[in-house]
Amino acid sequence: MLKVKVAPSILAGDFARMGETVKKLEENGADYIHCDVMDGNFVPAITFGDQMVRHIRPYTSLPLDCHLMVLRPETRLEGFAQAGAGLVSVHAEVCRENMVQVLRLIRSFGMKASAVINPDTPVERIFDAVEDADMLLLMSVFPGRGGQRFIPETLKKIERLRSFCIRAGKPELDIEVDGGITEENVKDVISAGANVIVAGSTVFRSSDMKATIARLRGE
Ligand code: DX5
Ligand code: ZN
């Protein structure tokens, strides 16, 4: 069984107090800080960019897991690298022909690279990314906002992706799942083969963040 990691999404946090928030997440046992970057084009909402990442960087030693919901992510990578991002996910819906090159570019900036797909994109679309990725991310809601319901069809995609990774000789590749994850459905997500769990509302609505993060990790 792979080690399960929890990546709370700061999208559900108070944007006026992000420094304290990421510090608190680390103290409460988070493994990564999931940063949802939205540009108002790939998705309707606008959240924040590399400047926020640079500003929260000193408040935690955890890797900043930056989920880029933006058009032309390849033009933004240097900024995120300089801001101290640890891991960057780029969407297959915008990196149609150039996913492998973009993943290599992310790595060339010294960051870990990840390919992400929307709920309505077939999982086969990221099979080619396995060789050049440190992680693969499956959206279990349509990107754009937190607090949505988990789309159960994602479980089959996780299973197919984990089987593919095993067949491709990468049985331990990180598979992250993002959207609508709760203390109830997380068990199914992990048994299907995922090992990095994004959780926004579940962590921020909890009255005991530490216990919630531990339970999401299966402890
Ligand atoms: C959605 C974001 C998610 C979201 C998760 O566009 O990518 O990371 O913040 O939030 P919850 O856990 O509330 O679905
Ligand atoms: Zn996300």
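Along the chain, the donors of the zinc ion (ligand 2) follow the spacing H-x1-D-x30-H-x110-D, donors being N, O and S atoms within 2.8 Å of the metal (3.2 Å for Na, K and Ca), with water not among the atoms, so that sites may look incomplete. The model is predicted, and local features need pLDDT of at least 70, side-chain atom pairs pLDDT 80 or more, whereas totals for chains, interfaces and linings use all residues. Residues are numbered from 1 along each chain, chains are lettered from A and ligands numbered from 1 as written, and side-chain values use heavy atoms, without hydrogens and water.

The protein donors are H34 (NE2), D36 (OD), H67 (ND1) and D178 (OD), which lie 2.1 to 2.3 Å from the zinc ion (ligand 2). Because the six donor atoms around the zinc ion (ligand 2) subtend angles of 69 to 168 degrees, the arrangement is octahedral, a term that requires six donors with opposite ones over 155 degrees apart and all others between 65 and 115. Both H34 and H67 are buried, that is, under 20% relative accessible area with a 1.4 Å probe and protein chains only.

Note on methods:
Tetrahedral: all angles 85-135°; square planar, octahedral: opposite > 155°, others 65-115°. Buried < 20%, exposed > 50% of the residue type's maximum accessible area, 1.4 Å probe, protein only.
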